[in-house]
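Hi,

Here is the structure I promised to pass on to you. Could you load it and keep it open while you read my notes?

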Amino acid sequence: PDSVVILNKRDPEPWLASMNSTLFRVFSWPSWPIIAKLDPKFAGVWYTHCTTTWDIFCSNDYGEKCKQKYLEHYDYVRRVTPKERLLEYEVKEGWEPLCKFLVKEIPGGDFPNVNDKDNFVKGHGMLWAYVMFNAAKNVAIGTASIGVGVAAWWLYRAR
């Protein structure tokens, strides 16, 4: 009840363009549903989380409906959060308003920017490679298990 809320203000047009060139782009890779089944502990959880989140948020419509839901979400946060506990913040404002609101000292150095489009897609490409490895490992283990079972059955029958 005493928590504060930081609402990261972004213009909906550039936000949607950013989402379409990052998260929605990565999420639309056609291999995800298959990999999710072959690697249920990691890729399956991530894929289920994404499909559920975006289905609830915007019915998997990554255009006008998504932008409208984005604006509705901002209105909802403003409506339910007491003004004294809400900071509407733009990242380009840097450390000062954020630290002032959180009653923290301003750290030295520049405000970080590590979540740009190219790094996001590259990082998720690395994630994709990791889950592909897990999926291949799971297929190999399953295939080997079946092979051992078939070999055992064949040896038993050959007696």
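This is a predicted model: local features need pLDDT of at least 70, side-chain atom pairs count only at pLDDT 80 or more; totals for chains, interfaces and linings use all residues.

Residues are numbered from 1 along each chain as its sequence is written, and side-chain values use heavy atoms, leaving out hydrogens and water.

**Helix packing**

Helices here are DSSP runs (H or I, at least four residues), numbered from the N terminus. Helix α4 (residues 40–58) packs against helix α5 (residues 64–80) at an angle of about 80°, and their axes are 8 Å apart. The axes are lines fitted to C-alpha atoms over the stretch in contact, with angles running from 0 to 180 degrees between N-to-C directions. The two helices, α4 and α5, are therefore roughly perpendicular (65 to 115 degrees).

In this contact (heavy atoms within 4.5 Å), α4 brings Trp54, Phe57 and Cys58, while α5 brings Lys65, Cys66, Lys69, Tyr70 and His73. Five of the contact residues are nonpolar, one is polar and two are charged. Nonpolar covers Ala, Val, Leu, Ile, Met, Phe, Trp, Tyr, Cys and Pro, charged covers Asp, Glu, Lys and Arg, and the others, Gly among them, are polar.

**Aromatic rings**

Rings of Phe, Tyr and Trp (its six-membered ring) pair if their centres lie within 6.5 Å; planes under 30 degrees apart are stacked, over 60 edge-to-face and the rest tilted. By this rule there are seven aromatic pairs. Trp15 and Tyr70 are stacked, because their ring centres are 4.0 Å apart and their planes stand at 20°. This pair links Trp15 in helix α1 (residues 12–21) to Tyr70 in helix α5, 55 residues apart. Both Trp15 and Tyr70 are buried (under 20% relative accessible area, 1.4 Å probe, protein chains only).

Trp32 and Trp46 form a tilted pair, with centres 4.5 Å apart and planes at 45°. Trp32 is buried at 0% relative accessibility, and Trp46 is buried at 18%. Phe24, Trp54, Phe57 and Tyr62 are linked into a cluster by ring pairs.

**The core**

Which residues touch the most other members of the largest nonpolar core? They are Trp32, Trp46, Trp54 and Cys66, out of 27 residues. Such a core is a set of buried Ala, Val, Leu, Ile, Met, Phe, Trp, Tyr and Cys residues joined through side-chain atoms within 4.5 Å. Helix α4 gives the most to this core, with six residues.

Best wishes

Notes:
Angles under 35 degrees count as roughly parallel, over 145 as roughly antiparallel, 65 to 115 as roughly perpendicular and the rest as oblique. Buried means under 20% relative accessible area, exposed over 50%, partly exposed in between (1.4 Å probe, protein chains only).
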